[in-house]
Amino acid sequence: MASTPLQGRRPGLHPALSMRQGFALIEEAGSVRNLLRDSVDAIRKLRFVSLHGDAVFTMGSIGVEKAMKVLLGCNEVETMGSWPSEKTLRDWGHDIEALDDLLGAAVEHGLARCTHIGYAEVLAARINGSTALPLLFATFARYGKSGRFHHLDVLATDQPGSDDPPSEYWERVELHTRTTEPEFHEVPYGDNSALDQYETRLRGRIAGELDAWWFCVHRLAVQGCFGELGKKIGWQIWEPGRPEPITVKN
């Protein structure tokens, strides 16, 4: 009997993935969703970096790295026909800034296959136009690569360390927001209540940038920017019922 085109195709999430791989990818996408949701919330609730910074840095660095690798993996399936090998994943490493460059290139090449190219271009422009995201990703990259052990390394070597601690990277994110956003130019020193409100709005603005990035990569995936598998995973990495961020909508 003549074979049909469907014979030999694996059932499940995608023909290039085994059932085990498909279940693992769904679990990983759920982890991305949970970590990014909690990262955004943690930044909004941040009051003292010395007390709450580790939660922001840990969830942010892991969540963003996972999101990038999941989407890059979907893109690899579309272009190469299989999920990235262990060697490829090792080569990608934990440097979120380098992963962001890879993801940006994947977006640029994937725009042409999106369902609504104009809309996808707007989403890509929103990501590329953010001046805060590179600083935020630099903070997460520093923590993800070695910053989580910064003070342990100082203890072991009795040396100041080759890089600034992650907390100083975070200070650059806040300084950038204060200097580039007119509403944050005037810091209400001397009024504790007003200062608390100011810092809540400041951290809310930074959280909004991560929320906007999360939404944009989710929508780009759903649009087909990372291939057919990415369309399915794009829905999995976003929290159902979560509204579109105001900074994207506007």
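**View 1. The lining of the second largest pocket divides into 11 nonpolar, 3 polar and 3 charged residues.** The model shown here and in the other views is predicted. The second largest pocket has a volume of about 270 Å³, and of the 17 residues that line the second largest pocket, Asp100, Gly104, Ala124, Ile127 and Asn128 are the closest to its centre. Two or more lining residues are given by each of the helices α4 (96-110), α5 (117-128), α6 and α9. Among these elements, α4 gives the most to the lining, with 7 residues.

**View 2. The largest pocket holds about 390 Å³ of space.** Its lining is made up of 18 residues, and those that lie nearest the centre of the largest pocket are Glu28, Lys66, Lys69, Val70 and Leu89. At least two residues of this lining are supplied by each of α1, α2 and α6 (133-145), and α2 provides the largest share, 7 residues. Sorted by class, the lining of the largest pocket has 8 nonpolar, 5 polar and 5 charged residues.

**View 3. Helix α1 (residues 19-45) and helix α2 (residues 49-80) have axes that come within 8 Å and cross at roughly 140°.** The crossing of α1 and α2 is left-handed. On the α1 side, the contact is made by Leu25, Glu28, Ser31, Val32, Leu35, Leu36, Asp38, Ser39, Ala42 and Ile43, while α2 brings Val56, Met59, Gly60, Ile62, Gly63, Val64, Lys66, Ala67 and Val70 to the contact. By class, the contact of α1 with α2 has 12 nonpolar, 4 polar and 3 charged residues. Glu28 of α1 takes part in this contact, as do Lys66 and Val70 of α2, and Glu28, Lys66 and Val70 are also among the residues nearest the centre of the largest pocket.

**View 4. Helix α1 also packs with helix α10 (residues 227-236), at an angle of about 45° and with the axes 8 Å apart.** This angle makes α1 oblique to α10, and the crossing of α1 and α10 is right-handed. In the contact, Leu25, Ile26, Ala29, Gly30 and Arg33 in α1 meet Leu229, Ile233 and Gln236 in α10. By class, the residues of the contact of α1 with α10 are 5 nonpolar, 2 polar and 1 charged. Leu25 of α1 belongs to this contact with α10 and is also one of the residues through which α1 meets α2.

**View 5. Helix α8 (residues 166-180) and helix α9 (residues 192-222) cross at roughly 100°, and their axes come within 10 Å.** From α8, the residues Trp170, Val173, Glu174, Thr177 and Arg178 meet Tyr198, Leu202, Arg203, Arg205 and Ile206 in α9. The residues of the contact of α8 with α9 divide into 5 nonpolar, 1 polar and 4 charged. Glu174 and Arg178 in α8, together with Arg203 and Arg205 in α9, are among the residues that meet here. Helix α9 is also one of the elements that give two or more residues to the lining of the second largest pocket.

How values were computed
Residues numbered from 1 in each chain as written. Predicted model: local features only at pLDDT ≥ 70, side-chain atom pairs only at ≥ 80, totals over all residues. Heavy atoms only, no water. Axes fitted to C-alpha atoms, helices over the stretch in contact; angles between N-to-C directions. Helix = DSSP H or I, 4+ residues; strand = E, 2+ residues; numbered from the N terminus. Contact = heavy atoms within 4.5 Å. Nonpolar A, V, L, I, M, F, W, Y, C, P; charged D, E, K, R; others polar. Left-handed = near helix turned anticlockwise from the far one by under 90°. 1 Å grid on protein atoms, 1.4 Å probe; cavity = no way out; pocket = protein on both sides within 12 Å on 5 of 7 lines; lining within 4 Å. Points joined across faces, edges and corners; volume = space filled by probe spheres on them. Parallel < 35°, antiparallel > 145°, perpendicular 65-115°, else oblique.
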